[in-house]
Amino acid sequence: MAAKEEVKLLGFWVSPFVLRVEWALKIKGVKYEYIEEDIFNKSTLLTELNPVHKKVPVLVHDGKAIGESFVILEYVDETWKQNPLLPQDPYQRAMARFWAKFAEEKIFEGAWTALCSQGEQKQKALQQTREAMEKIEEQLQGKQQFFGGESIGYLDIILGWISHYLTVWEEVGSMEIIDPAKFPATMAWINRFLKHPVIQGTLPPREKMLVYFHQRSKELGSTSHGWLRV
Amino acid sequence: MAKEVKLFGMWASPFSRRVELALKLKGIPYEYIEEDLSNKGPSLLKYNPIHKKVPLLVHEEKPVAESLVILEYLDETWKHNPILPQDPYERAMARFWGKFIDEKLLPTSAKVGLSKGKEEQEQAMEEVHDQLKILENELKGKEFFSGNSIGYLDVVANILFWFRTEEEVGGLKVLSTEKFPMICEWIEKLIKIDVVNECRIPKEKYDDYVKLRQKASKSASS
């Protein structure tokens, strides 16, 4: 048992990347200090701790700063061994990492592009996102509770944004990505995820999100590569 | 652990070469299958139906795709000659910079090839230079990106020694020693290592490589 270590998390209230880290820390019961950053008016703390990208989340543990949610998740898993997020078996770990990358590139980027674009670009992005979601639906078939098995794991955390953000983006972007009738396994997973005690109480308020994303999607227009490009 | 390892790869792909280099560094015996990307073999399509890409590692009939995912798999399955550091924070830094190379440096470099007109190309080159400067900083006070011996980040940064072949054959100075002294020194150190040399573009295939890249640029921009 390590002595009291200082863990800080620099975040932004509506960032799904930050949420991932919060979920991981809460699942492991790691105490942390949350510091809200105004990403439109970045503090010197943020630019010092993440000079390369100047983005949240940044985890600071014992004075050492780590950026990028995927990287932070693996660090958290390796540093605090209780309630492991990644499976033990190397091949299963490779599969989790593969699907995480796939989902980020095809579903997250696709949905975000669809949200912020119009016409042909939007349709193309929607098509890509739906096709990718079908692969995830296949992966979820026959799964008991979560990608991680009985408990929430790495891939659930990476994909967890879908449970809360997708319908917001669908509304803001006047589009449908998941037809519930066509994605029964995904819908069941979403419901289980949202009911999980660790997840409840962490989600940003829907009304605030609608306002925020309405504004952001208008501002970003079709130059929508990457998140919150300030 | 003497079970079968196959690597489906392509000689001109830096991603594929990363995996070859890691396998050689770890001393893992493997069967190499060269894929013609314009005519993909049935085995590749069977094992990697999602992306249909190389590199693809197949170990005991189980396929693993994506070079960075494969590198982690290799290190976790074969514990000798680790390429990632042991300490969680050092590992996080290696992964962070690996992501930087793949998600920032490589796409920005690709933009240079796809640029239309001198102004656009110069802008893209400037972006690449800025990113290379950031990356070079990571070499300060170190022999290699991974410390005293070559490891994960040196393997992932293999795209940087691609430029060396261009210089040797094409006479194109891509990385100036004045602007990037540490990276240039690092490259010189690396190409003295046999297994590293085995995993970069051979001089005699340079012209083929240029043609392939031009073809890829044309199809990407159309």
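Predicted model: local features only at pLDDT ≥ 70, side-chain atom pairs only at ≥ 80, totals over all residues.
In chain A, four strands make up an open sheet, arranged in the order 2-1-3-4 with mixed pairing. At its edges are strand 2 (33-36) and strand 4 (64-67) of chain A, each of which pairs on one side only. From one strand to the next, the twist averages 20°.

Strand 1 and strand 3 of chain A pair in the antiparallel sense over four bridges, and within this pairing Leu9(A) has Leu59(A) in strand 3 as its bridge partner. Strand 3 (residues 58-61) of chain A also pairs with strand 4 of chain A, again in the antiparallel sense and over four bridges. In that pairing, Val58(A) stands opposite Gly67(A) in strand 4 of chain A, while Val60(A) stands opposite Ala65(A) in strand 4 of chain A. The hairpin formed by strand 3 and strand 4 of chain A has two residues between the strands, and Asp62(A) in this hairpin takes a positive phi near 55°.

Which way do the residues of strand 3 of chain A point? Val58(A) and Val60(A) point one way from the strand, whereas Leu59(A) and His61(A) point the other way, and all are buried.

Helix 1 (residues 16-27) of chain A lies across strand 1 (7-11), strand 2 and strand 3 of chain A, and runs at about 155° to strand 1 of chain A. Lys31(A) lies in the loop between helix 1 and strand 2 of chain A. The C-alpha atoms of Lys31(A) and Lys8(A), which are 23 residues apart along the chain, are separated by 8.8 Å.

**The sheet of chain B**

In chain B, four strands form an open sheet in the order 2-1-3-4, and the pairing is mixed. Strand 2 (31-34) and strand 4 (62-65) of chain B each have a single partner strand and stand at the edges, so one side of each is left without a neighbour in the sheet. On average, and with direction ignored, neighbouring strands of this sheet are turned by 20° against each other.

Strand 1 and strand 2 of chain B pair in the parallel sense over four bridges, and the bridge partner of Leu7(B) in strand 2 of chain B is Tyr32(B). Helix 1 (residues 14-26) of chain B packs on the sheet, where it touches strand 1, strand 2 and strand 3 (56-59) of chain B, and its direction makes about 150° with that of strand 1 of chain B.

Is Lys6(B) buried or exposed? Because its relative accessible area is 14%, and buried means under 20%, Lys6(B) counts as buried. Lys31(A) has a relative accessible area of 74%, and since exposed means over 50%, Lys31(A) counts as exposed.

| Residue | Relative accessible area | State |
|---|---|---|
| Lys6(B) | 14% | buried |
| Lys31(A) | 74% | exposed |

Lys6(B) is found in strand 1 (residues 5-9) of chain B, and a polar contact of 3.1 Å joins its side chain to that of Glu4(B). With neighbours within four places in sequence left aside, Lys6(B) is in contact with Glu31(B), Ile33(B), Leu56(B), Leu57(B), Val58(B) and Glu61(B).

**Helices and the nonpolar core**

The axes of helix 5 (residues 119-140) and helix 8 (residues 184-195) of chain A come within 8 Å and cross at roughly 75°, which makes helix 5 of chain A roughly perpendicular to helix 8 of chain A. Where these helices meet, Met133(A), Glu137(A) and Leu140(A) come from helix 5 of chain A, and Pro184(A), Ala185(A), Thr186(A) and Trp189(A) come from helix 8 of chain A.

In soluble globular proteins, nonpolar side chains tend to be buried together. The largest nonpolar core of this model has 155 residues, and those with the most contacts inside the core are Ile162(A), Trp169(A), Phe213(A), Leu57(B), Leu160(B) and Trp186(B). Helix 4 (residues 90-116) of chain A gives the largest share of this core, 16 residues. Leaving aside neighbours within four places in sequence, Trp186(B) has contacts that include Leu139(B), Phe144(B), Phe145(B), Leu160(B) and Phe161(B), and also Glu143(B) and Asp154(B).

Methods:
Residues numbered from 1 in each chain as written. Chains lettered and ligands numbered in written order. Heavy atoms only, no water. Core = buried A, V, L, I, M, F, W, Y, C linked by side-chain atoms within 4.5 Å. Buried < 20%, exposed > 50% of the residue type's maximum accessible area, 1.4 Å probe, protein only. Contact = heavy atoms within 4.5 Å. Polar contact = N/O pair within 3.5 Å; in protein donor to acceptor, adjacent residues only side chain to side chain. Pairing = 2+ DSSP bridges. Axes fitted to C-alpha atoms, helices over the stretch in contact; angles between N-to-C directions. Parallel < 35°, antiparallel > 145°, perpendicular 65-115°, else oblique.
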